[in-house]
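Here are my notes on the model, as requested. Please read them with the structure open.

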Amino acid sequence: MFVRSHFVRISALAAAVALTSGCSNVLDYFAQKSLDDPNKDVTVAGLGNKVLIGRDDYGVPYIEAENIEDLAFGLGYTMAEDRLEQMVAMNLLARGRLSEMTGPLTTEMDVYMRTLDVPGVIEERYAVLSSDMKTRLESFAAGVNAYIKGHEGKLPLSMALTGYEPEPWQASNSIGLFVLLNLGVGFNVHEELSFLTMAKTLGAEKAAYLAPIYPDEPIDFVEAQKLAELNFADHELQNLTEMMTRLDSTLGRIRGQGIAASNNWAVHPDKTRNGASLVANDTHLLLTQPSTWTLAAVKSPEYTGVGITLPGIPAMVAGYNGHIAWGETMVMADSMDVFVEQLRKTDKGTEYLYQDTWYPVAEREERIRIKGEDDLVIQVQSTRHGPLLNAALAGPAKNPIIPDQVSSNFDTESRYGLALSWTAQYPDNTIDAFFRLGQSENIQQIEDNLNDVGFIHLNVIYGDKNNIGWQVTGLYPLRKSGRGHFPSPGWTGEYDWGDAWGGAETPRELNPVDGYLGTGNHRTVEAGFEPVLTSSWYYPERAERAQQMLRASDQHDRESMITMQADRTDVLVGKIQDMWLSHGWQGMIKDGIATLPDDEQKSAEIMFNRVLDFDGVMDSDSADAAIWGMLEYQLARGIFLDELGPDDGDVWKNFMTMSGRAYSGYQDHLLGRRQPDGSMAPFWDNVNTEQKEDPGQVIAHALAATSKVLYKQLGTESEWAWGKLATYHWRTDATLMKPHMSSLEQAVVGVLGDYMDRGPYPAGGNRNTLNVAGYDLGQDFEVWNIPAMRMVVDFSQPEPMSLVVAGGMSANPVSPHYDDGIDLWLSRENRVLPINDADKVNAHFNKQRYLLPAK
């Protein structure tokens, strides 16, 4: 759902510390310097009245103030105390300045953000904020800066090791995090950026089978045909696809690998044990250390609540405020379109073609500062469809992971470029509306405030004690033609964007007759709904499982909500079992097994029967779950690798990106997709053999391979367990970036990883389970997508909120709250966070101190 960044640039100090014997003691010394006493009052300048800061046993803060300005100040100070380096890095990322802290490792990210002019978007949106909102953000910034000033010489560990001195926090920095949120929840662009690579290899029509919209919708041949009709020369298509691949890699890293998944649901009082509404939410994000989210409880006369937020935003993103509760999932919105532009060079500069007339591109210069290197100056060119991405990426590579310079052939001879349209062009009141949402006291106020959220595309589930509701937020482009699924020709004008659609017209529902509402990034509207919300819905199985469990009872309560969030049942297993036992598939598979070598037939038959008997529960200690997980791995490779391989090539990597983040060609094939002539979907046949394979033969080979690999990797059947294949590993962003570093940097980060990373732990679930565990299907079993928080609000209770996050509150590795939340999260349990009763609040947040105004 969102992106975070916390990269480390290796300095001489870091190298010396990491490569010194007993380095953990040295690292402890640096980390300890920034660790504050949670019971010691602090006097700060810029505060109007004293502010109470309490902490509970897991370090979750409670901030209480006499007014909203002091509350924002206290929240800024507390967030900086817990996550300053995370806040600083995300702000630098949003402003296209991350390389100032990290060096050339992240230059291509800065290039992308500057190309989109994200810094300009931030300032434009800050300028139109209400005066009250600006005052609140200024107070928050003052709190952050009070912490920075009070910790000169004892800033967080990563800053000590990199030598980076943070600038004073600006009020507009918080807006940058909302812009990152927009980039994180807009989801179709990864398919657009992958499709040219696929189309070049396979042809546009066949490539379309790799990007199905949904199981019951036809393959999008109409969109694919837009590209088939373009008259690319070989070198032009090669250059375009190379740039698409590089840009997709950049986007993946900016967006936390483009995470897709989250659950939310609500139960009407008529279907609950205690006669009051239930609201539940778990957002699925990249598994990192520390967690993307932080928790907080806040109270002032103007703003009260408990929930999750992003370090750097002084409000609840999802939570409960004493009156209402709300939580979000991604719509998977198509908020960006790629346009292929025809270009030409003239004596006057670059021009682009639009409806038979050549127009000059607009140009601006961007200067990117890079730590330890000369500045990088780029010329950003734009058409009426947006910035040209290829021009921005035409500079020299500064690091092995930065895209190589686009060939001079592309600049001088190629007729095509790539422009990006983005819904940031539509003005709205998102920031004010999102803050007002947390102040809503009734259902009508919730709906009114959500109507004004245009920049962020969400499914919001909400409720009060007596009502539940669902509403889609965001502004969506009205396209003249097409659905924006794949890149469009820009010179015809046929696919241009018009006005925005959204606001009060978006899909919504209040108090449904059956008593339940829920979303899981699935298609929440009927097929063919217009205008197009997206072509990149997620797999439907999580939403289907939620509906199964909701409809199984009319006596739901807090515990049944927690049980649902912990559920690891993959309903795809039952669908496959039904298919394999009917529609001619069983005979086809048995015939396929009969063609195997004698020594493989028995093991394949055993695996086949185990799959048919499997209950679909992906528990970490389950042998059958290990069989299913390994079978999916073998099937993905068996169906597609012959045409999309090798598995370290760009085509396969693009396929992994698409399959992990939206409903995929893999699952579509497995569910029996057929071609218009009635034959099986095209990738079942192995193009490297003379015969034409049917699904039964591919499945038979995958069953035999599953048995063989499990025996080799895990030992005897009694030792098989899903959690021995699939694992959770809490890693810092520095560790995640390690493959892209120099040998020295890798050595240093490896040592730092031993100090700061946690895990591995056995994992349960998969992409289709409510308790999600997403990994790159067909590549490995490294879980990177998890429920980053789990929230349950039971309005029948005096203290309705139960909430946990995936990790600790603090980014400081010597803090007791750096990793104490991991075991709680692994238990799949939850815990109450009070906000209503003053005595319970004081007893819970019992480590208390005050921020005192300087006299």
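**Notes on the predicted model**

1. Charge first. The protein chain carries 70 positive and 117 negative side chains. The centres of the two sets lie 4 Å apart. Here Lys and Arg count as positive, Asp and Glu as negative, and His and the chain ends are not counted. Each charge is placed at NZ of Lys, CZ of Arg, CG of Asp or CD of Glu.

2. Ground rules. This is a predicted model, in which local features need pLDDT of at least 70 and side-chain atom pairs count only at pLDDT 80 or more, while totals for chains, interfaces and linings use all residues. Residues are numbered from 1 along each chain as its sequence is written, and side-chain values use heavy atoms, with hydrogens and water left out.

3. Overall size. The C-alpha atoms of the protein chain fill a box of roughly 85 × 75 × 60 Å along the principal axes.

4. Of the 855 residues, 66% count as buried. Buried means under 20% relative accessible area, exposed over 50%, and partly exposed in between (1.4 Å probe, protein chains only). Take contacts (heavy atoms within 4.5 Å) between residues at least 6 apart in sequence: 75% join residues at least 24 apart.

5. Secondary structure. The protein chain has 31 helices and 29 strands. These are DSSP runs numbered from the N terminus: helices (H or I) of at least four residues, strands (E) of at least two.

6. Three strands form an open sheet in the order E13-E14-E15, with antiparallel pairing. Strands E13 (362–368) and E15 (386–387) are at the edges with a single partner strand each, so one side of each has no neighbour in the sheet. Pairing requires at least two DSSP bridges between two strands. E13 and E14 are joined by seven bridges. Glu365 stands opposite Gln379 in E14.

7. Ser382. This residue lies in strand E14 (residues 376–383). Ser382 counts as buried because its relative accessibility is 18%. Beyond its neighbours within four places in sequence, Ser382 contacts Val361, Ala362, Pro387 and Leu388.

8. Gln547. Look for this residue in helix H18 (residues 541–551). Gln547 is partly exposed, at 22% relative accessible area.
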